[in-house]
Amino acid sequence: MIKVYIAGKLSYAEKFREYRRDWKRDKIDLHARWFDQAIIEQSGPVTPEDMHIFWLVDEENVRQADALILYGAPEDKLRGALVEAGIAIALGKLVIVIGDSPDYGTWQYHPMVTRAGSFEHAK
């Protein structure tokens, strides 16, 4: 089974959890624990110590993934997802960019980055 890390805004976590269930049928493991950590982050105060652990988990998941999908809509202000994409690029992993976030700067032309028109196309 191929492991893919999806990066994006916390507000997309529920949708990405749905994709995780659906994509397993196609032998794709959406390998990102932040989908579940988002429930904790959105439900109450999170300490710097919590975030320290969350970031270590995110980095480990990116390292274990075969590729990374980054989604950003035109209205999204990306922050953490860009860090995750940078980790993937530094590790020599394919990064698939979906959407038209204004935060997709010149880095999107890196040789390890490609574009997809949709999640289905990325799959």
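Predicted model: local features only at pLDDT ≥ 70, side-chain atom pairs only at ≥ 80, totals over all residues.

User: Which residue does Asp-22 meet in a salt bridge?

Analyst: The general idea comes first: side chains of opposite charge can pair when their charged atoms come close. Here the side chain of Asp-22 meets that of Arg-25, at 2.9 Å from N to O. Arg-25 is exposed, with a relative accessible area of 63%.

User: How many salt bridges does a search of the whole structure find?

Analyst: The search finds 8 salt bridges. One of them joins the side chains of Glu-18 and Lys-15, with 3.5 Å from N to O.

User: How far apart in helix H1 are Glu-18 and Lys-15?

Analyst: An α-helix has 3.6 residues a turn, so residues three or four places apart point the same way. In helix H1, Glu-18 and Lys-15 are 3 residues apart, which means that about one helical turn separates them. Glu-18 is partly exposed at 27% relative accessibility, and Lys-15 is partly exposed as well, with a relative accessible area of 40%.

User: Which residues of helix H1 are buried?

Analyst: Helix H1 covers residues 13–23, and its buried residues are Ala-13, Phe-16, Arg-17, Tyr-19, Arg-20 and Trp-23. They lie on the same side of H1 because they cover an arc of only 160° around the axis. On the face turned away from that buried side you will find the exposed residues Glu-14 and Arg-21.

User: Which residues are linked with Asp-26 in a network of salt bridges?

Analyst: Asp-26 is linked with Glu-120 and Lys-123 in that network. Between Glu-120 and Lys-123, the closest N and O atoms of the salt bridge are 3.6 Å apart. Glu-120 counts as exposed at 56% relative accessibility, whereas Lys-123 is partly exposed, with a relative accessible area of 33%.

User: Now for the strands. Which way does strand S1 run beside strand S2, and how many bridges join them?

Analyst: A general point about strands is that in a regular strand the side chains alternate between the two faces of the sheet. Strand S1 (residues 2–7) and strand S2 (residues 28–30) run parallel, joined by 3 bridges. To find this pairing on screen, look for Lys-3, which stands opposite Asp-29 in S2.

User: How does S1 pair with strand S3?

Analyst: S1 and strand S3 (residues 67–71) also pair in the parallel sense, over 4 bridges.

User: What pattern does the protein follow along the sequence?

Analyst: Its secondary structure comes to 5 helices and 5 strands. Read along the sequence, they follow the pattern β-α-β-α-α-β-α-β-β-α.

User: How does the radius of gyration of the protein compare with that of a compact globule?

Analyst: The two agree: a compact globule with 123 residues would have a radius of gyration near 14 Å, and the protein has 14 Å. The C-alpha trace spans about 35 × 35 × 30 Å along its principal axes.

User: What share of the residues counts as buried?

Analyst: Of the 123 residues, 46% count as buried. As for the surface, the protein exposes about 6700 Å², and carbon and sulfur atoms supply 56% of that area. Turning to contacts between residues at least 6 apart in sequence, 65% join residues at least 24 apart.

Definitions and conventions. Residues numbered from 1 in each chain as written. Heavy atoms only, no water. Pairing = 2+ DSSP bridges. Helix = DSSP H or I, 4+ residues; strand = E, 2+ residues; numbered from the N terminus. Buried < 20%, exposed > 50% of the residue type's maximum accessible area, 1.4 Å probe, protein only. Arc of directions from axis to C-beta. Rg over C-alpha atoms; globule rule 2.2 N^0.38 Å. Contact = heavy atoms within 4.5 Å. Areas by Shrake-Rupley, 256 points an atom, 1.4 Å probe, with all protein chains shown as cover. Salt bridge = Lys/Arg side-chain N within 4 Å of Asp/Glu carboxyl O.
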